[in-house]
Amino acid sequence: MVTNPPDLRPDRAPRARIEDAPRPGQPTIGMVSLGCPKALVDSERILTRLRAEGYAISPDYAGADAVIVNTCGFLDSAKAESLEAIGEALKENGRVIVTGCLGAEPGYITGAHPTVLAVTGPHQYEQVLDAVHAAVPPDPDPFVDLLPASGVTLTPRHYSYLKISEGCNHACRFCIIPDMRGRLVSRPAHAILREAERLVEAGVRELLVISQDTSAYGLDLKHATENGHRAHITDLARDLGGLGAWVRLHYVYPYPHVRELIPLMAAHSDSGGLVLPYLDIPFQHAHPDTLKRMARPAAAARTLDEIAAWRRDCPDLALRSTFIVGFPGETEAEFQTLLDWLDEAQLDRVGCFRYENVAGARSNALPDHVPDEVKDDRWHRFMEKAQAISEAKLAAKVGQRLEVIVDEVDEDGVATCRTMADAPEIDGCLFIDEDTGGLAPGDFVTVEVDEAGEYDLWGRRLR
Ligand code: SF4
């Protein structure tokens, strides 16, 4: 049974949202995108290519000539959800192409669903397209099938995920991503920048940089310079920051060179560019023995010292992280160290998972698994502390003037916005209840914060 909060699970990102209606006779494909934001980027890329080739995208099963299911295989529960989604697509449409992480195990899929048309693995774009071409031949019309400048995006148009690399060179014991996605392969910096420029030209106001290990970007390319751009996260972040959109960095590990990013964040001024003072760092735990058992990168890093140094240089820095409680062998003393660490680190945003076995993960074989009721108890104690920290930090913002980005304005005129400290879909919101006339998604607006809750803020529009 799923016990972690759905909105904190990497395998529960929102499904696809596509609205364009096909013209009569146009070959039409449906897409069900399960999984994390990284999988969502893969879906976007596949749809971008299909649109460029003249396919329409259907928002429902009935209107599609075939359906692509982009699966997730991160946890056993995600695998089950993927199989269920494939079954639903088969029942509702009948012509189904499977891709994504779970596609790395074709026998698992065809064993349960022998009638799927094709199974391809993660980032096998060409194979997915071949399967689509075989199932639903393209019917290009050069006058109407021009690729929209922003490609096709499954997220709202004013923000976009930007994937900078695939795979990971680490071997954390609880994680099977390196087995599924392989070792680190970085995209050339100039290609990422070109994509980012196109997105910004098309109206994207916030770029969410993602990968399995953002700080390791370019390691496989030996940080070489190609076409005038060095493949290093500091250089890439600086270049992206020059495009005029908000740039938010996710999945950054606390390697020493992260310090070089902080001055870029400290220089952030209003919407004028550079990198947001925000770091999403999956610390996972704080006790060195637990981290060693997890085989985490930078397990021995003095993270509290690092955090203090970053905050000295950039006092507005918002830190987000995720943690696992109840990892095999976690003692009460180790857990207490984590709570004490959290007290001192005062992170702004925190997600927490109860450890669960994942088929194929090496942590399954570790001794001393923690009983479920102990995991539960630790999860509640951890979240209680994290919530109290979040509440106090948000209360301190009352009276401050902040720049926010508008995500949505509903029919009652309430604007849902985010501050620089809030990433979409995983962090909190700032709501404006009055005087929202003329506001639209993607607008930047200055507010004065007049109320704070546990995770969200309320504010008054100043201009
Ligand atoms: S760093 Fe660890 S948790 Fe992250 S993708 Fe690599 S192996 Fe998995």
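Colleague: Which residues of helix α7 (residues 233–241) are called buried, and what makes a residue buried?

Modeller: They are Ile233, Thr234, Leu236, Ala237, Leu240 and Gly241. A residue is buried if 20 or more other C-beta atoms lie within 10 Å of its own, exposed if 12 or fewer, and partly exposed in between, with C-beta atoms placed from the backbone. The helix itself is a DSSP run of H or I with at least four residues, while a strand is a run of E with at least two, and both are numbered from the N terminus.

Colleague: Why do you say that the buried residues of α7 line one face?

Modeller: Down the axis of α7 they fall within an arc of 165°, so they line one face of the helix. That arc is taken from the directions between the helix axis and the C-beta atoms. On their side they pack against α6 (189–201), β9, β12 (246–249), α8 (262–266) and β13 (275–280).

Colleague: What kind of model is this, and how are residues numbered?

Modeller: This is a predicted model, where local features need pLDDT of at least 70, side-chain atom pairs count only at pLDDT 80 or more, and totals for chains, interfaces and linings use all residues. Residues are numbered from 1 along each chain as its sequence is written.

Colleague: What about α4 (residues 125–135): which of its residues are buried?

Modeller: Val128, Ala131 and Val132.

Colleague: What makes something a nonpolar core, and how many residues does the largest one have?

Modeller: It's a set of buried Ala, Val, Leu, Ile, Met, Phe, Trp, Tyr and Cys residues joined through C-beta atoms within 7 Å. The largest has 122 residues, and Val247 and Ala237 are among those with the most contacts inside it. Helix α1 (residues 37–52) gives the largest share, six residues. In general, nonpolar side chains in soluble globular proteins tend to be buried together.

Colleague: Which residues does Val247 touch?

Modeller: A contact means C-beta atoms, placed from the backbone, within 7 Å. Not counting residues up to four places away in sequence, Val247 touches Leu207, Val209, Ala237, Leu240, Gly241, Val275 and Leu276.

Colleague: Where does UniProt place the feature "binding site"?

Modeller: The unreviewed entry puts it at Cys36, Cys72 and Cys101. Although spread over 66 residues of sequence, they cluster in space, with a largest C-alpha distance of 10.5 Å. UniProt positions are given in the numbering used here, with shortened feature names, and annotations may be inferred rather than shown by experiment.

Colleague: And why is Ala216 called buried?

Modeller: Ala216 has 22 other C-beta atoms within 10 Å, which meets the cut-off, so it counts as buried. Ala216 is found in the loop between β9 (206–210) and β10 (225–226). Leaving aside neighbours within four places, its contacts are Asn169 and Leu184.

Terms used
Contact = placed C-beta atoms within 7 Å.
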